[in-house]
Amino acid sequence: MIRRMTRKQILIGSISAVVVAGLLIGGILLWNRSGSTATQGTSATTSATPSPSATPTPSASISASASPSATPTLKPTPPPGGGAPPTASPSAKAHIILTALSFGNVPLGDNPADALDRLGPVLGPPDSDVVDKGCELKGPNRKSRILSWGELSLHGEYPASGPEALTSWTVRGTNTPSLSLPHGLVIGSPASEVAKNMPSATIDDSRMFNDGRILIDDDIWWLLDAANQHLIRVEAHPQLCE
């Protein structure tokens, strides 16, 4: 049997259907809007966060600062041959001018103590300092004193009771401090040059005190080798005891 609905019932049913449809449509719209908002928020958050690759890693920073090549170490350059540079001795720097009256800055006739005081800053201490007996032919109780720097020596002879005095010098070879001899000559100079520079020299050819000739000028003896070819020794005011 078909039941007839009244106009009132139909109206209420229509209203209910409209309400349900409205709620359903509103729910769908609300869900779409919230999803869109969530998507936008995620996108905004993602764009605001810097890319991990844009930030230098700690290891890269440490590697750059700790690399030895970034900060070179400077080392002092060693002197040629290694080790510390050699220090010149006083004798290596010295230059002694020898004359008939002086031994560098020491006048002949000076006493040994004063001579050593004057020569110390120039030559340093002598290589040898020998005190011995003097020449017996000159009398009893005599003493001699010889100060040597290589083959350069300063010496004197005097009574044992004094006063002491250094009165002569000798150059026996080239193992000496830097020095200048009179007349611009050097050990090894040719005999012809020695004779030329001392035209008024006395020549001793007796071979008593030397194997070669001796040229004597201003009480300085210039001794030649046995063949009379070269200068081998020079003595000022020689101390003879033979």
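Is Ser153 buried or exposed? Here are a few notes on that residue and on the strands around S12.

1. Some ground rules. This is a predicted model, in which local features need pLDDT of at least 70 and side-chain atom pairs count only at pLDDT 80 or more, while totals for chains, interfaces and linings use all residues. Residues are numbered from 1 along each chain as its sequence is written, and side-chain values use heavy atoms, leaving out hydrogens and water.

2. Ser153 sits in strand S6 (residues 152-159); strands are DSSP runs of E, at least two residues, and helices are runs of H or I, at least four, both numbered from the N terminus. Ser153 counts as buried because its relative accessibility is 0% (buried is under 20% relative accessible area, exposed over 50%, partly exposed in between, with a 1.4 Å probe and protein chains only).

3. The neighbours of Ser153, leaving aside residues up to four places away in sequence, include Phe103, Trp169 and Arg172 (contact means heavy atoms within 4.5 Å).

4. Now to strand S12 (residues 231-236), which pairs in the antiparallel sense with S7 (residues 168-171) over three bridges; pairing requires that DSSP finds at least two bridges between the strands. Thr170 has Glu235 in S12 as its bridge partner.

5. S12 also pairs with S11 (residues 220-224), again antiparallel, over five bridges, and Trp222 is bridged to Val234. Six residues lie between S11 and S12 in this hairpin, and Asn228 in the turn has a positive phi of about 55°.

6. For contrast, Ser192 in helix H5 (residues 191-197) counts as exposed, because its relative accessibility is 56%. The C-alpha atoms of Ser192 and Leu231 are separated by 9.8 Å, with the two residues 39 apart along the chain.
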